Amino acid sequence: MGSWSVGNWPSFDPHNFSQLRPNDPSAPSKKTPITYHPTHERTIPPPDQVISSEAKNILLRQLYQRSDEKLRPKRAASENLAPEQESKHPRASGASSSDLLP
Amino acid sequence: MSTYNYVVTAHKPTNVTHSCVGNFTGPQELNLIIAKCTRIEIHLLTPQGLQPMLDVPIYGRIATLELFRPHGETQDLLFIATERYKFCVLQWDADTNEVITRAMGDVSDRIGRPTDNGQIGIIDPDCRLIGLHLYDGLFKVIPFDNKGQLKEAFNIRLEELQVLDIKFLYGCPKPTIVVLYQDNKDARHVKTYEVSLKDKDFVEGPWSQNNLDNGADLLIPVPPPFCGVLIIGEETIVYCSASAFKAIPIRPSITRAYGRVDADGSRYLLGDHSGLLHLLVIAHEKEKVTGLKIELLGETSIASTISYLDNAFVYVGSSYGDSQLIKLNLQPDAKGSYVEVLERYVNLGPIVDFCVVDLERQGQGQVVTCSGAFKDGSLRIVRNGIGINEQASVELQGIKGMWSLRSATDDLYDTFLVVSFISETRILAMNLEDELEETEIEGFCSQVQTLFCHDAVHNQLVQVTSSSVRLVSSTSRELRHEWHAPADYSINVATANATQVLLATRGGHLVYLEIGDGVLVEKKHAQLKYDISCLDINPIGENPNFSNLAAVGMWTDISVRIFSLPDLNLITEEHLGGEIIPRSVLLCAFEGIPYLLCALGDGHLLNFLLNTTTGGLTDRKKVSLGTQPITLRTFSSKNTTHVFAASDRPTVIYSSNKKLLYSNVNLKEVSHMCPFNSAAFPDSLAIAKEGELTIGTIDDIQKLHIRSIPLGEHARRICHQEQSRTFAICSLKYNQSSTEDSEMHFIRLLDDQTFDFISTYSLDQFEYGCSILNCSFSDDSNAYYCVGTAYVMPEENEPTKGRILVFMVEDGKLQLVAEKETKGAVYSLNAFNGKLLAAINQKIQLYKWMLRDDGTRELQSECGHHGHILALYVQTRGDFIVVGDLMKSISLLIYKHEEGAIEERARDYNANWMSAVEILDDDIYLGAENNYNLFTVRKNSEGATDEERGRLEVVGEYHLGEFVNRFRHGSLVMRLPDSDVGQIPTIIFGTVNGVIGVIASLPQDQYVFMEKLQTNLRKVIKGVGGLSHEQWRSFYSEKKTVDSRNFLDGDLIESFLDLGRTRMEEISKTMNVSVEELMKRVEELTRLH
């Protein structure tokens, strides 16, 4: 059997598992970890990291986006870093938003 | 009334759903993190193997588990998303060893159709965003800012509605996903999209690939340098990128799990549906992919997740069998396998069915589960408490005490067993034939009761009787010295170790002796105010032969006192309160922590932390072990010291993770116990019980014992028959051949002791065993196994044909005595009024057991009831029938004898899709449904109108978070009729995740008390990741979410016992109940499971 690929297994720390004394495989492992019951206050993240979803639905967001773009003064376009993609994009989103309309 | 229910886990989930490896607890520490549906386990990779660190309950069912590392971090963060649309980002704080929450949030949408193929959560490899696919047609993005902080989430419309998998591609300048989807012609394709965070929209991606394998189901993104993606199908594996397309055919299989081996993504472990492990290799030349290769490595449990750990070790997590730690060897073994299984981690899931039996006839229930699936199917015998495996026993009445002695100080084994009676002492010893026979120790006084015995230094033995202390040579067995108690001061209690003797005489005199070579020296004497009830000088300091402390229990003032030795100075006095005297005290150390245990005459046990320097006693705790006086003794098992509490409810006290635990011993009543480690019976205990002396070995010290009976096939139904001492199961075996997969269904008969198959009945082709029952009929006392089946034809939506088979066990064989054809699947069978009640598709049907003229028997239809979608689960009580419907919740039927008819009495009009039902009492019925909720309904017999009486009122609701397959009345623990918990009715349930749980119906006052405790605990024990316990336990379905009511979370309540003292005191203060009382009441509940 060609074992061209079996072997040369990666090693992060050669010591890991080096002293493993395997259980009798018919007797399952009985090591049980401690059950964690946090009582500290840091189970609550900083206030700005309580994340919610944008309330605006996709259609409205795209309509606003388009109207923003129409209102934008023309010279702003030259400041845009990726003008080519930017010009393509409203068309794509326009097509998809029309799909949403009845 | 069983309105007030307490739900608690007896066996935690073991079904491993996710796993990942990374540096979570420290930059240099490599961790394996495992998800078991509602819990995560953090392990550390060490030279000794996987070291479990923490079991973290999560208030949600885990849908996604991913480790990731934002820019600038030195260790990984853990992203968890739950099925109820919550997510959190967790971080390990090494300074405090706490899990802290970096971020959390709610990603639910008000409108949206939940995905059919499960939730997908992925993190961009460059940590620019988290992507979630939770609803059809929507892709949710949680962007990261450049500091690694999360920002407001938004949705992007995804055109593909039938998504099978989504992954992020590596090495893309813009975050790019690859989507595997099925079109409306059932063809499968992949497509890529760039996520434009600025426009909050997709941009067409760099490539796509149409018309893939029809079974393509899994994407594996390939890291640099190759990048691209592997598409795993059932017949092909494809590598796809913007520049390359390589494919190989594979043996038909469904890949369930993969694990990346090399950081460069050149090798992957693939686990398939039959448990075969393959290695997939990306062949390459200088970063250019040239092809794919696949090699079979061997067989494992059917994997649900695979994580390469380190140095050729791999973790295989399984949903259908035990999870495993395997090693990939360099050379194949004789069978050609590179896989070596080194450790096994028990998994009971999925528990499809179970029964509660008392196999050892000890009055204690054992649960026998149908566990696992496919080739990993098994039966598991789950038993609470610690068993004694009897080696030898003799009838001996009136034992008052027992001690084992060695014949030389250095002997490894005990030789003598001293057994004391009211007016004599007998010595037993092992003879040359390894039999226990009576012998003599000449120097001992055998005409009186012995109060205490011990081995002493210099090959000596000590015997204490009411009049003297005798020091005897263990080799010549002759008396070397004797200390006499003063006349009129008989010795009441005594204790000793290898060098010290402490005894108490009438009148409160405490005498301390030391043992020399052939001499007993009275060192100290003290006069106490009251008589002494018990004492102990078990050495727990550095010197194993000498104790610096003595513990003394007192009559009259009901106290324990600690004296220093050898000067016998009183250093601590602790009043116990109450009127019950201490009967046994013990100094002992568990996991290096010294304790004083003090057992009272009424079966209560107090324990204190002991300061060995000052003798100070702190952290007093009280538990109720039994109702009779307790005698405490230490013993060793597997090099660890434990304490045996002999009483009417024998208990082993042990310590795990520095917490004292109490485990029942599966014996009815034990008056005395002493360790007896003889050459013939190593590591044994001598146990005096009910007029009998037994020598036996003790099980491993743990609460639940699980024995596995691998079947190699999938058991789906089980029941036990007492008369024939057998189990019968419905099972199925999958046969995989290269051409076609087929399955065969059997009814198997198993011996209930050996669990060997002793008889098999093969069902017809396409015939499934759906239900099984042990019953007898009116006018026929024989025990029968009844089996309900269904012919599952590929072209039918619902079975239209089935059978009821009636078997008798004769000479260990299944004999078919009757069979009856049915017009559908027999989903349930019940013994009912001496007849057989069957649930057949939408109908409930009652059969009589009729005697034919020729003396044979047949099932004859009597009456029935239509009106269900599918009547899946049926329970009966008297003439009442409770039906759990596929989608119409619970209904109540009644059998009318006179009319010979079954009528509907009431129903619950909610649209619950049921998974199990049970009758709690005459009026309250329990249901489990497929959104992982429990609920109770009440019959309203006193309703004013027909409409009211016809409605089952929902009285309890609770989110269990587990899919329950079966409820059964019964208990895992031996119930003492005179104890408080002995009065509490319990139901056991089994779930898909392998959970065994208990639902206990509490008296109202106890419920109210525990509800208050639960409310307070919610404030103190915080949900990991900021998840709310209240929300987690709220009844949740697509239609409604309502607060839980009339169910309590026993797991939360019992975690009170794990709290630190200050937190307990906080709760004690707000509840205005002492810590001791709270602990005692919670401890009592832990004894329900």
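**Across the interface**

I began with a cross-chain pair: Lys200(B) and Glu54(A) form a salt bridge, with their closest N and O atoms 2.5 Å apart. I kept in mind throughout that this is a predicted model. How many salt bridges does the rule find across the interface of chain A and chain B? I noted three.

Next I asked which elements of chain A supply the side that touches chain B. β1 (34–35), β2 (50–51), α1 (58–71) and α3 (83–100) of chain A each give at least two residues. The largest share, seven residues, comes from α3(A). By class, I listed that side of chain A as 24 nonpolar, 29 polar and 11 charged residues.

Then I looked up the extent of the contact. Chain A puts in 64 residues and chain B 92 residues. Between them the two chains bury about 6,700 Å², with 52% of that on carbon and sulfur atoms. Trp9(A), Phe17(A) and Tyr36(A) account for 13% of the area chain A buries against chain B, more than any other three residues.

I also checked strand pairing between the chains. β1(A) pairs with strand β5 (residues 49–57) of chain B in the parallel sense, over two bridges. Opposite Ile34(A) I found Leu54(B), in β5(B).

Over all chains, the rule gives 62 salt bridges. I picked out a few in chain B.

Asp165(B) and Lys167(B) meet through their side chains at 3.2 Å, N to O. Are these two buried or exposed? I put both down as buried, because Asp165(B) has a relative accessible area of 7% and Lys167(B) one of 13%, under the 20% cut-off.

Asp764(B) and Arg803(B) form a salt bridge at 3.6 Å, N to O. This pair links distant parts of the chain, 39 residues apart: Asp764(B) sits in the loop between β65 (757–762) and β66 (767–777), and Arg803(B) in strand β68 (residues 802–810). Asp764(B) is partly exposed at 36% relative accessibility, whereas Arg803(B) is buried at 7%.

My last pair was Glu903(B) with Lys896(B), a salt bridge whose closest N and O atoms are 2.9 Å apart. Glu903(B) is partly exposed at 31%, and Lys896(B) is partly exposed at 24%. Finally, I noted one network, in which salt bridges with shared partners join Asp764(B), Glu767(B), Arg803(B) and Glu819(B).

Key: Residues are numbered from 1 along each chain as its sequence is written. Chains are lettered from A and ligands numbered from 1 in the order in which they are written. This is a predicted model: local features need pLDDT of at least 70, side-chain atom pairs count only at pLDDT 80 or more; totals for chains, interfaces and linings use all residues. Side-chain values use heavy atoms; hydrogens and water are left out. A salt bridge is a side-chain nitrogen of Lys or Arg within 4 Å of a carboxyl oxygen of Asp or Glu. Buried means under 20% relative accessible area, exposed over 50%, partly exposed in between (1.4 Å probe, protein chains only). Helices (H or I, at least four residues) and strands (E, at least two) are DSSP runs, numbered from the N terminus. Contact means heavy atoms within 4.5 Å. Buried area is the accessible area (1.4 Å probe) that two parts lose on being put together, summed over both. Ala, Val, Leu, Ile, Met, Phe, Trp, Tyr, Cys and Pro count as nonpolar, Asp, Glu, Lys and Arg as charged, and the others, Gly among them, as polar. Two strands pair if DSSP finds at least two bridges between them.
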